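The following note sets out some points for a colleague meeting this structure for the first time. Please read the points alongside the sequence and the model.

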Amino acid sequence: MNENTPRRNDKGRTRNRGGERHYSTSAPSARRRTADPARLVAFEVLEAVSNDDAYANLVLPSRIRAHRLDKRSAGLATELAYGSLRWAGTYDLVLAECIDRPLAEVDSAIVNALRLGTHQLLNMRVPHHAALSETVALVRERIGAGPSGFVNAVLRRVSETEAEGWTTLLLAKARSEAQALGIEFAHPEWIVRALRQSLVIHGSDEAQLPELLAADNAAPAVNLVALPGLGSLDEALAEGAAPGELVADSATTNHGDLGRLASVREGTVRVQDVGSQLVARAFAQVPVETGAERDGRPEAWLDACAGPGGKAALLGALAQERGFALDANEPQEHRADLVERAFAPLDAGVWRIRVGDAREIGEILPNEYDRVLVDVPCSGLGALRRRPESRWRRSPEDIAGLGPLQREILESALKAVRPGGVVGYVTCSPHPAETVAVVDDVLARWSEPGTRLTRLSARGALDAVALTPLFEGTADRQDAQLWPHVHGTDAMFLSLIRKDPAS
Ligand SMILES: C[S@@+](CC[C@H](N)C(=O)[O-])C[C@H]1O[C@@H](n2cnc3c(N)ncnc32)[C@H](O)[C@@H]1O
């Protein structure tokens, strides 16, 4: 293991084991004058995230290409950028202890450089003198000679205390257990509270919370799906992917360059979280009572929030296998284009794309579909593993702001489904305000004449398509919450609701 290779502990943190405690003794002229390209890339990613609201996972690859980093430097840049973004909230508390004015008054580029330096000092196996001199060189080159002295002084103060010492010091100041867990595992307090509430609501022991928070800090494996009837995993398996253990036609890979696989290029094998695969298959397979089978009529399916097309591609393939048809709705043109691209391997007659608002479909096409999937716009708190910056960017107001839209989309879907048909309500968020609260509210105020709503066992439906049981002992509960620390998936939520004729 080289000095820059991070090791992780049980909190998902990388650790500085045996990091050197001395500072550079080299003469100023021998110290690094130009910034290290890997650190420059990480700094540019942090800047794009703070200044342009960019997503780190989208910016990072283009920055790595622009600076022509080799594999090793690209790995270092990734760890530096993702780690600094993920731990930003905790690092800011450390920095606040080392600066005699509020951090909010410090230029944001300087704060980003300080976060990068702090990550190297407290969470990576970078020798302290290297962490300091590299960060100072970066600041001198990108921000200016003046701030480099300030950064040097602050990072020296950070380096005077070990990571464990900082944790102890910050925890002593925590006002609540949730805040303490947030400091220890790099989550905002409000998210810690929401996750705890969700565990409890879904019948899990809240003692799992540290494990869940740690799972959010670990990089997820890349999951593949071979579109049923269209794709084969043979090529991926030959390239070292391992067969998926949770769901059919899936594989897990650590292979960086998936574009090398012809099956991925042609779209018959796709990258998709196992949680998404499971909910799409459970939705497609749960029995409906619309009489389609009895009447020999092909089922009509709708994916009402389809962009960018991950679940729609899998649903389209499943529909094609059974001679059914899938409509995909998406209001944003460019995302609708991505859905169309995802449908490329399918027969043309199987799918149609509608560019529009799902809230209108219930009125325009009442009782039209046998199955409607609503994978509603949500906070994405279930995918924190993939988006290191999002936990600090999101706020409770976002959740409140999404609530009316989520309710209206679900209501519209329930109008668009035929009596006997099923609506799948899905979020990539475990926040109870986006999951059970939405379904509870919509069911409570349902008033379509001649119909009533029945919540089905989504857990049972998921277990029916899973290769190993997911909800042993609790499969009779209605709504299903998948968890990264239990299932190794994103924290997807699924509720299945059938619209029955009122008898
Ligand atoms: C969580 S994403 C769906 C992900 C998708 N199902 C997949 O698996 O790739 C939510 C989608 O809903 C779309 N959306 C936003 N407002 C909408 C609305 N009023 N009606 C329908 N879709 C909407 C967003 O543009 C976004 O593409």
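1. In this predicted model, C428 is placed in the loop that runs between β9 (417–427) and α21 (436–444). An unreviewed UniProt entry lists C428 under "active site".

2. Is C428 buried or exposed? C428 counts as buried because 24 other C-beta atoms lie within 10 Å, where the cut-off for a buried residue is 20 or more.

3. Which residues does C428 touch, not counting those up to four places away in sequence? The contacts are C378, G380, G382, A383, D490 and M492.

4. Of the 21 residues around the ligand, C305, G307, G310, A358 and D375 come nearest. Two helices, α16 (310–321) and α18 (358–364), each supply at least two residues of this shell. Sorted by class, the shell comprises 9 nonpolar, 6 polar and 6 charged residues.

5. The largest nonpolar core has 145 residues, and V374, A413 and L462 are those with the most contacts inside it. Helix α1 (residues 37–52) provides the largest share of this core, with 9 residues. As general background, nonpolar side chains tend to be buried together in soluble globular proteins.

6. V374 links several of the residues named above. Leaving aside neighbours within four places in sequence, V374 is in contact with A304, C305, A358, I409, L410, A413, V423, Y425 and V426. Among these contacts, C305 and A358 also belong to the residues that come nearest to the ligand, while A413 is, like V374, one of the core residues with the most contacts.

Definitions and conventions: Residues are numbered from 1 along each chain as its sequence is written. This is a predicted model: local features need pLDDT of at least 70, side-chain atom pairs count only at pLDDT 80 or more; totals for chains, interfaces and linings use all residues. A residue is near a molecule or strand if its C-beta atom, placed from the backbone, lies within 6 Å of it. Helices (H or I, at least four residues) and strands (E, at least two) are DSSP runs, numbered from the N terminus. Ala, Val, Leu, Ile, Met, Phe, Trp, Tyr, Cys and Pro count as nonpolar, Asp, Glu, Lys and Arg as charged, and the others, Gly among them, as polar. UniProt positions are given in the numbering used here, feature names are shortened, and annotations may be inferred rather than shown by experiment. A residue is buried if 20 or more other C-beta atoms lie within 10 Å of its own, exposed if 12 or fewer, and partly exposed in between; C-beta atoms are placed from the backbone. Two residues are in contact if their C-beta atoms, placed from the backbone, lie within 7 Å. A nonpolar core is a set of buried Ala, Val, Leu, Ile, Met, Phe, Trp, Tyr and Cys residues joined through C-beta atoms within 7 Å.
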